[in-house]
Amino acid sequence: MDVQAYISSDVLDRYVLGDVTEQERKEVECLSHIYPEIKTNLDALQESVNSYASFYEKAPPTALKGKIMAEIMKLGKEKVKPDAKVISLSETASKSSSTTYKWLAAASVVLFMLTAFLYADMRSKLNASQNETITLAEKLGQINESSNNQITDLKTKNELMAASVAIFNNPENKIIKMAGIEKMAPTAHATICWNSKTKEVYVGFANLPAPPTNKQYQLWAIADGKPVDLGVIDKNSDALSIQKMKVTEKAQAFAVTLEKVGGSQTPTLTAMYVMGGV
């Protein structure tokens, strides 16, 4: 059985409003005991109807009341004719019975009109409540998705930070701090981590100005007075990231210059941003 399709139909709504056939009533009560989803939705609809009765009680419109009263007065008004005659008891009983039927018919019309009005109003309120619930659920879903994405990003950053700290805490790694060049970026800085055994080089905790779209920072080692290319720095790296560069056997100093995207074979000395001696 397609439970969701059954829930989406209006049979549960009509059940709580008492507008179902005997067969439908038995079917709803039976299925609600078999399928927990149907039971949950049925309970929610009944709770909504109870809430409506408590908080959205609404009197019939004045126009409807006027029509009903006019109909009752019309049926109940008796006109006395000037040439009234004596009538028998049986005739009186017959007319009384006829009048009673008319009153019952009028009462049936009144009840039907009130029931139709209340059902339409309740149905409207119930649909509005269900729409609000769906909208709220969608908003909650969006909030949960956003929160999950933020948690994932935070966990990723924490993992990168932990890995960076582990590298810089390795006693085999030599830490070289590069300070900003006065003319280019006096507040800039970056840190080099150079392993004395593996000769691996890491650059991280950098605070460099955002490069132009057609430029990229490049790391150099100064060995025996000559620049050695150690690779370009990722344009998307931030102050908390650490990046593995090329290895170098020797280095008396390290420097970062601003070059074309992809790097250069020789450094642009006039575009040097940070430098630090070993």
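Strands here are DSSP runs (E, at least two residues), numbered from the N terminus. Two strands pair if DSSP finds at least two bridges between them. Select G204: its bridge partner in β6 is I242.

This is a predicted model, where local features need pLDDT of at least 70, side-chain atom pairs count only at pLDDT 80 or more, and totals for chains, interfaces and linings use all residues. Residues are numbered from 1 along each chain as its sequence is written, and side-chain values use heavy atoms, with hydrogens and water left out.

Move to β8 (residues 272–277). Strand β1 (residues 173–180) pairs with β8 over 2 bridges, antiparallel. A179 stands opposite M275 there. Strand β7 (residues 253–260) pairs with β8 over 5 bridges, also antiparallel. Here F254 stands opposite G276.

**Two aromatic pairs**

A search of the whole structure finds 2 aromatic pairs. Rings of Phe, Tyr and Trp (its six-membered ring) pair if their centres lie within 6.5 Å; planes under 30 degrees apart count as stacked, over 60 as edge-to-face and the rest as tilted. The W194 and F254 rings have centres 5.9 Å apart and planes at 75 degrees, so this pair is edge-to-face. W194 sits in β2 and F254 in β7, 60 residues apart. Are these residues buried or exposed? W194 is buried at 8% relative accessibility, and F254 is buried at 0%. Buried means under 20% relative accessible area, exposed over 50%, partly exposed in between (1.4 Å probe, protein chains only).

Next, select Y217 and Y273. This pair is edge-to-face too, at 5.4 Å centre to centre and 80 degrees between the planes. Y217 lies in β4 and Y273 in β8, 56 residues apart. Y217 is buried at 6%, and Y273 is buried at 12%.

**The cores**

Colour the largest nonpolar core, which has 23 residues. Such a core is a set of buried Ala, Val, Leu, Ile, Met, Phe, Trp, Tyr and Cys residues joined through side-chain atoms within 4.5 Å. M178, I192, V201, L219, F254 and V256 touch the most other members. A second, separate core of 16 residues includes V3, V11, L42 and M122.

**Q218**

Zoom in on Q218 in β4 (residues 215–223). It is buried, at 1% relative accessibility. What joins its side chain to that of D229? A polar contact of 2.8 Å does. Such a contact is a pair of N or O atoms within 3.5 Å; within protein, one must be able to donate a hydrogen and the other to accept it, and residues adjacent in sequence count only if both atoms are side-chain atoms. The Q218 side chain also reaches the backbone nitrogen of S264, at 2.7 Å.

**P227**

Finish at P227 in β5 (residues 226–232). At 41% relative accessibility, P227 is partly exposed. Leaving aside neighbours within four places in sequence, P227 is in contact (heavy atoms within 4.5 Å) with W220, A221, I222 and P267. Show T266 as well: P227 and T266 are 39 residues apart in sequence and 7.3 Å apart C-alpha to C-alpha.

Terms used. Helices (H or I, at least four residues) and strands (E, at least two) are DSSP runs, numbered from the N terminus.
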